[in-house]
Amino acid sequence: MSIPLSYLVSVSPSVIQTGAGQNTLYGLMLSRSSSVPFGRVLTFTNADDVGSLLGKDTLEYQQAVVYFSAYSGASTRPSAMNMAYLPSDEKTPIQAALWGGSLAGKTLDALKEVRGALTLNVNGKSGTAQIDLSQATSFSQAASEIQAALWPSGNGGTVTWNIGLDAFVITAPAQASESDGTAQDSTITTASGPVADALALSGSKGGITTPSCLSPTAGNVMDILRAANPTWASFFCAFDPQAQYLELAKWANGQNSTVMAALHDTALTGMTANALSQANTLYDQAVNAGYNGVFGLNGDPLAAAFASCIYAAVDFTQANGFLPFAGRTSSSLAATVSDRATAAALDAKGISYIGNFAGPVDTDLTQLQSGGVSGPFAWADAYMGQIWFNRRMQHLLALMLRLPRAIPYTRKGDTIIAATLQPAVNDALSFGLISQGVNLSEDEALTISTVYGQNTLTALQNNGYAISVAMENADPATRGKRQAVTATVIYTQGGSVQRINLNSIEVQ
């Protein structure tokens, strides 16, 4: 666990409505597999490793194949994908656990040779048990013997053998409540002693501990995962998320536009265009609740993985690399919509889908449409682009604060901060996130000139961006306490054409 960088450099994304430092925006797969440790964020660099862990007949593997294949024509592939466990049971507390390292390749005969002391600290109490596995008939039966040795009364924790991981898992018993009845989190440490290494339960042999969670709601679990690994920028589900759709959408909304939730809705599968138009879908409910950052899809879970991979595969150093979600294709995907009426009904709601488009010349143009996202950013490309841009600026400002020099609350300080941000702006201009030559509406121009001044409006109209810092205006109390100052970067985003009406006129 670490202190969030936002403690030093906070970023507030916003939109003015009409009328290495270079980072890769990895996706997080949420799984229900018992082979994924709770509270931990695993990292994979290819689909085969997902298949080795969970099996190649699983949805997780199929989604990983789609994710790592990226979209057709991509200049790069996602270099990583994260995975974490999200429980379906939100009422039963999850206890702390010790997950042993892999014992793949260890034979039963070798396991029978294990005997000696195993020391473990559970719920703040250290204890040592004598382990003798000479009579074990299987790894699962050995787990039962370890459990009996650790808790001979039978009223303690549990020890299981995880077939997928080839590892022992020791789960702590529930912690006794405090005197006032308040529940306490259970705790556990990695093991020590002669047996710990032999069973890979020590830290040096790959043993890891996972936290307890007294109320494992989707929101609470996502908080734990975000604290464990804050690098992922989108997430999708390797299960039917209907029961937790709105809670996941609500959580994403609370992340200050730093995460996109790619959520598919299986209730839409097979629904007619008329039924779609009349339905109060989960995405409709998320939009009506004001939730920001939800990429709604119809019922295909593979499409959700595909949506998550698009900006994980984008090369942000490529000139004009900014691209819309709409029109992206993949040979790993099959169309889920093949008629105009259904496509129009989904488009009207802002729900994306894989459509099979065809014409007299092009007979199979299967592609993702339309690429919208809930909230003021409106489009997923603009949403993911601002995540990258804000991370880039935050990174540069964090490096600036570490330089061996003062940044005074004066115009000189303004110049230092503006110069620090300029490389990120230049990158965004080259990438195409910032568009020059965008005509502002009267409302937009009035808002900018009123709030930030005419000079800022002029810079925005001329350059496509404006950097506003006014540290010299800080009051003595702010300066004396060295409190945070506000720097503002305003930029224009030119969007991307997704529909064309062509007039073909013959002149005789």
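1. Lys349 counts as buried in this predicted model, with a relative accessibility of 16%. Its side chain meets that of Asp284 in a salt bridge, at 2.6 Å from N to O. Lys349 belongs to helix α11 (residues 340–349) and Asp284 to helix α9 (residues 282–288), so the pair ties together parts that are 65 residues apart in sequence. Asp284 is buried as well, at 13%.

2. Helix α11 also holds Asp347, whose side chain forms a salt bridge with Arg499 (3.1 Å, N to O). Because Arg499 lies in the segment after β16 (487–491), this pair ties together parts that are 152 residues apart in sequence. Asp347 is partly exposed, with 28% relative accessibility.

3. A further salt bridge joins the side chains of Arg115 and Asp132, at 3.8 Å from N to O. Arg115 lies in strand β5 (residues 115–122) and Asp132 in strand β6 (residues 125–132), so parts 17 residues apart in sequence are tied together. Arg115 is partly exposed at 43% relative accessibility, and Asp132 is partly exposed at 43%. A search of the whole structure finds six salt bridges.

4. The loop between β14 (365–369) and α12 (380–401) contains Ser370. The peptide bond from Gln369 to Ser370 is cis, with omega near -5°. Ala378 is found in the loop between β14 and α12; it has a positive phi of about 70° although it is not a glycine. Ala378 is partly exposed, at 33% relative accessibility.

5. Ala200, in the loop between α5 (194–198) and β9 (208–210), has a positive phi of about 55° although it is not a glycine. At 4% relative accessibility, Ala200 is buried.

Note on methods: Residues numbered from 1 in each chain as written. Predicted model: local features only at pLDDT ≥ 70, side-chain atom pairs only at ≥ 80, totals over all residues. Heavy atoms only, no water. Helix = DSSP H or I, 4+ residues; strand = E, 2+ residues; numbered from the N terminus. Buried < 20%, exposed > 50% of the residue type's maximum accessible area, 1.4 Å probe, protein only. Salt bridge = Lys/Arg side-chain N within 4 Å of Asp/Glu carboxyl O.
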